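Work each task first, then follow the steps below it.

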Amino acid sequence: MDGDSGTEAAVRVAARGLTFDVYPGGPAEGEPILLLHGFPQHSAEWDLVVPHLHAAGMRSYALDQRGYSPGARPSGAAAYTMTELVADAVAVLDALGLDSAHVAGHDWGAAVAWALAGEHPGRVRSLTAVSVPHPRAFGWALRNDRDQRRRSAYFLLFRTRFVAEAVLRAGGLRRMLIRRRAGLYVSRMREPGALTAALNWYRAPASLRTGDIQVPTTLVWSDADPALGRAGVERTSRYVTADYRFTELTGVDHWIPERAPGELAREILRRADIVPG
């Protein structure tokens, strides 16, 4: 993590036969929040967000998820189903002694956060999904919206074993990311098995259908996101039965936690009822 992020040294959490790296930070008695990263990043994508959360009194736990923690990198795409990813999040909460927590997730981390809230609403105090709409809304957009199908065409590459690894190692990975922070993530992907493990999130078979969300929820989306269009975002409200808020950021690309950390932190805090809504 960045030196000015306000996080502490990694805590290695044993769960489900694996070892996960978790980076805690903030007041020990603060409202807990579990932070779930996306591809191809890791917990450091929250570095610029957590100082705002800590200043408001929250206790953050940024998790390096399955495939990203060196001690949690099983082989084979079948080990990376959403069922497994959600079970990891629950087991980490258990190991941290948290009956429940606020949850925020970006990119694939948002997909895990949606599924966690759908499957285990009692464990999620509030949900802030970043960039990615509810999975059923996204699925609808993939089937029915030409623009979203075009934006998601890269899925085919990422699901093609060996070819995707070769393309990303040849520079595609670095070009995806924010230039000044790309090295932070590329170095992790150079670890043995790391890139294939991260890509296995795309290659894993479908394992669960996320239900309606019964916890207070905010979706933060940016209108300059090249991967996620408006169709699924606008449909998401159909799948949230609790209080729901949608926030659109103008002129921001996909990397919201790093491009707009203050705005994102404000939305997380509003959803957690720590600052006025």
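**Exercise 1.** Check what length α2 should span and how far apart its end C-alpha atoms are.

*Solution.* Start with the expected span of a helix, which is 1.5 Å times one less than its number of residues. For the 14 residues of α2, at 1.5 Å a residue, this should give 20 Å. The end C-alpha atoms of α2 are 20 Å apart, so the two agree. Helices here are DSSP runs of H or I with at least four residues, strands are runs of E with at least two, and both are numbered from the N terminus.

Before you go on, note that this is a predicted model, in which local features need pLDDT of at least 70 and side-chain atom pairs count only at pLDDT 80 or more, while totals for chains, interfaces and linings use all residues. Residues are numbered from 1 along each chain as its sequence is written, and side-chain values use heavy atoms, with hydrogens and water left out.

**Exercise 2.** Find which residues of α2 are buried, and look at what follows the helix.

*Solution.* Buried means under 20% relative accessible area, exposed means over 50%, and partly exposed lies in between (1.4 Å probe, protein chains only). The buried residues of α2 are M82, L85, V86, D88, A89, V90, A91, V92 and L93. Now step just past α2: there G97 takes a positive phi of about 75 degrees.

**Exercise 3.** Is R73 buried or exposed, and what does its side chain reach?

*Solution.* First place R73: it sits in the loop between β4 (58-63) and α2 (82-95). Its relative accessibility is 18%, so R73 counts as buried. Next, look for polar contacts, meaning pairs of N or O atoms within 3.5 Å; within protein, one must be able to donate a hydrogen and the other to accept it, and residues adjacent in sequence count only if both atoms are side-chain atoms. The R73 side chain reaches the backbone oxygen of G67 at 3.0 Å and that of Y68 at 3.1 Å. Finally, list contacts (heavy atoms within 4.5 Å). Not counting residues up to four places away in sequence, R73 touches several residues, including Y80, R188 and E191.

**Exercise 4.** Repeat the analysis for R159, in the loop between α6 (154-158) and α7 (163-176).

*Solution.* With 48% relative accessibility, R159 counts as partly exposed. Leaving aside neighbours within four places in sequence, R159 is in contact with Y202 and R203. The R159 side chain reaches the backbone oxygen of Y202 at 3.1 Å.
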